[in-house]
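Dear colleague,

Please find below the structure that I am handing over to you. My notes on it come after the sequence and the model.

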Amino acid sequence: MNRHEYRNLVILVLPTAIVCIAFFILPMAKLVMIGGSGERGLVAYLDILTKPRHFESLIATLLLSILVTVTALAVATISGLFLERNRFRGRGLLISMLTFPLAFPGVVIGFMVIMLGGRQGLVSEISKAVTGDKIVFAYSIVGLFVGYMYFSIPRVILTIMAAAEKLDPALEEAARSLGAPQWRVVLDVILPALKPGLIASGAICFATSMGAFGTAFTLATNIDVLPMTIYTEFTLNANIVGAATLSIVLGIITWTALYIARSLSGSNAVAAG
Amino acid sequence: MSGSRDHGTAIKLLSCAKTFGGGTVRALESLDLEITGGETVVLLGPSGCGKTTTLRIVAGLEEPDPGGRVFFGDDDVTRLPIEKRNIGMVFQSYALFPNMNVRENIAYGLKVRKMPKVEIDRRVGEMVEMMHMGELEFRRIDQLSGGQRQRVALARAIVVRPRVLLLDEPLTALDAILRTRLRVEIDELLRRLGITAVYVTHDQGEAMSLGDRIVVMSNGKVEQIGTPRDIYYKPNSEFVAEFIGSINRLHGIACGDHVEVAGGTVPWLLNQSSGKVEILFRPENVGICDVSVAQLKGKVVTSFFQGDRTRLIVGGLGERDIVIETTDRTEYISGQDIGFQVDPDSIIVLEK
């Protein structure tokens, strides 16, 4: 590379570099420093494991995210395959409705969960009329789960439909011609073909669920998910150090999940998801 | 080769028709077809002629319209799905499982049949040796060439010892040289196994060299069923004549033992009628002779020297130019007069 080309390259890279430094590297570095700036220095990061409130919040968030990811993958894979393979009236409308949740912020999704399973919600009204008991789930982990599922499913369905479209029907016919029953075709042909898409969209689901704030905030649940704990520490307790350490840990977990997905499913899979 | 012909399973199709799109698209008119055990039958025709639909009905991937029945030997398999028919199938797109290596692909049918591992290893080993794929055994599919892929697909289909082998345009995706080589391999394989095979293609060369019999199809209907020789020498319709090889057509009027055409006369010894006819003859059944004594005269439009023979396009015999192939060493020039006669035994006359 000669000097001229080198100079052009620097000029071209400059905008990206500025944005990256200003909005990514500097804040992250500052956050790491704040996390370690308390009386006990970097040991503060260990508090997450020793402080029960923080630790429980971390575990609850992890479990919820994993549960949402697995369930969303299962539900969306089945529906995605069905939608890709069957042509019926209203199919287009149904697909655009299924992708609707992508258009809403978490607050609205939380609001909808309350309308469904809150104290004055649809389920509570119906259950009261039928059994006399009000069933209310909006403010528990069930409410969070429903809300997270709502915005996770469309992300997976779209990826699965795209992957299923590329699947050569002759592959399934070949497996069947060799005597494979339907469940083996799914196991040996369809799922392996969908694997990159499943990993990619699963990672996105997991990352989104780990960091989701709006829904949790609206539902004001009795479970503190990590983003809620960070908010509480930061605004109510003015525990800046605690909030910073939790933020860094949350970031590392999410980033690791995305990184693993990237390396398992090929470099462009996450971008495609 | 006839010795190995008697242990294959016979296939019988009875009134098999197929309609798609809720009764709107007729892909296959009612078809009756009997294939004897060990025979190789080629379904030949342009795309959309119904050949693939027929193959898929034999495979069990499509059910014939009500009334149609499919038999393997004496078993009525009409309602049996493909996975229970014990067939081997080879696809144009190879359809190898990309998540398995060569060996796992070949072993798949045996694994599904829950065969003991020792037996699977033995059979796969045999197959790898037979198809000369020793060095490929543990390769991933994306590391194979098209020809290698199709050989793996063949091995995967026959290792389970299927009752019938179905091949859906297996050579179409390959380049010309590989196509010829693999065609020879498939031919040897079918002879050696003595298996009943149905082979779908749109390539007449493949059909002629592989088929014991050829079923020529067009628009969902069978045009002609016969041996390659029958189909080539005695086509029963213009469509078959045009589809198999190249053929010349001349319009003329029959009178006595010959037919009058624009450039002269063509002998027709078996003539029993008079009136308008169409004469078909192949480019290689023409003899070039001196213009003064020739039965037919025309003008050379173009000549293509092809080494072993020369291909001449000749005009002046009606609206369509004709094609003549000659093996003599004479050089023909555009515009020169040319005289020739048609071998009377090789002409096909269609009465109008």
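Predicted model: local features only at pLDDT ≥ 70, side-chain atom pairs only at ≥ 80, totals over all residues.

Chain A as a whole

Chain A is built from 13 helices and has zero strands. Chain A has 273 residues, of which 40% count as buried. Among the contacts in chain A with a separation of 6 or more, 69% are between residues 24 or more positions apart. The chain exposes about 15000 Å², and carbon and sulfur atoms supply 71% of that area.

Selected sites in chain A

A nonpolar patch lies on the surface, formed by A:Val43, A:Leu46, A:Leu49, A:Phe55, A:Ile59 and A:Leu63. Together these residues have about 530 Å² of accessible area. Helix 3 of chain A (residues 52-85) provides the largest share of the patch, with three residues. A:Leu63 lies in helix 3. This residue counts as exposed because its relative accessibility is 54%, the cut-off being over 50%.

Is A:Glu172, by contrast, buried or exposed? A:Glu172 is buried, because its relative accessible area is 14% and the limit is under 20%. The residue belongs to helix 8 of chain A (residues 169-177). Its side chain is joined to that of A:Arg85 by a polar contact of 2.6 Å. Leaving out residues up to four places away in sequence, A:Glu172 touches A:Arg85, A:Leu167, A:Val185, A:Val189 and A:Ile190.

Helix 11 of chain A covers residues 226-236, and its buried residues are A:Leu226, A:Pro227, A:Met228, A:Thr229, A:Ile230, A:Thr232 and A:Glu233. The helix is followed by A:Ala238, which has a positive phi, near 50 degrees.

The nonpolar cores

The largest nonpolar core contains 119 residues. Those with the most contacts inside this core are A:Tyr148, B:Met89, B:Ile106, B:Leu165 and B:Leu166. Its largest share, eleven residues, comes from helix 7 of chain A (residues 141-165).

What surrounds B:Leu166, apart from its neighbours within four places in sequence? B:Leu166 is in contact with B:Leu55, B:Val58, B:Ala59, B:Ile87, B:Gly88, B:Met89, B:Val90 and B:Val198.

Salt bridges

Side chains of opposite charge can pair when their charged atoms come close. Over all chains, a search of the whole structure finds 33 salt bridges.

In one pair, B:Asp65 forms a salt bridge with B:Arg26, and the closest N and O atoms are 3.7 Å apart. This pair links distant parts of the chain, 39 residues apart. B:Asp65 is in the loop between helix 1 (51-59) and strand 4 (69-72) of chain B, while B:Arg26 is in strand 2 (residues 25-35). B:Asp65 counts as buried at 16% relative accessibility, whereas B:Arg26, at 43%, counts as partly exposed.

In another pair, the side chains of B:Arg213 and B:Glu39 meet at 2.5 Å, N to O. The two residues are 174 residues apart and link distant parts of the chain. B:Arg213 lies in strand 9 of chain B (residues 213-218), and B:Glu39 lies in the loop between strand 2 and strand 3 (40-44). B:Arg213 is partly exposed, with a relative accessible area of 23%, and B:Glu39 counts as buried at 9%.

A further salt bridge, of 2.6 Å from N to O, joins the side chains of B:Glu63 and B:Arg79. B:Glu63 is in the loop between helix 1 and strand 4 of chain B, and B:Arg79 is in the loop between strand 5 (75-76) and strand 6 (87-90), so the pair ties together parts 16 residues apart in sequence. B:Glu63 counts as partly exposed at 41% relative accessibility, and B:Arg79 as exposed at 61%.

Finally, B:Glu238, B:Glu242, B:Arg249, B:Glu278 and B:Arg320 are linked in a network of salt bridges.

With kind regards

Notes
Residues numbered from 1 in each chain as written. Chains lettered and ligands numbered in written order. Heavy atoms only, no water. Buried < 20%, exposed > 50% of the residue type's maximum accessible area, 1.4 Å probe, protein only. Helix = DSSP H or I, 4+ residues; strand = E, 2+ residues; numbered from the N terminus. Core = buried A, V, L, I, M, F, W, Y, C linked by side-chain atoms within 4.5 Å. Contact = heavy atoms within 4.5 Å. Patch = residues over 30% accessible without salt bridge, like charges linked within 9 Å, V, L, I, M, F, W, Y side chains within 5 Å. Areas by Shrake-Rupley, 256 points an atom, 1.4 Å probe, with all protein chains shown as cover. Salt bridge = Lys/Arg side-chain N within 4 Å of Asp/Glu carboxyl O. Polar contact = N/O pair within 3.5 Å; in protein donor to acceptor, adjacent residues only side chain to side chain.
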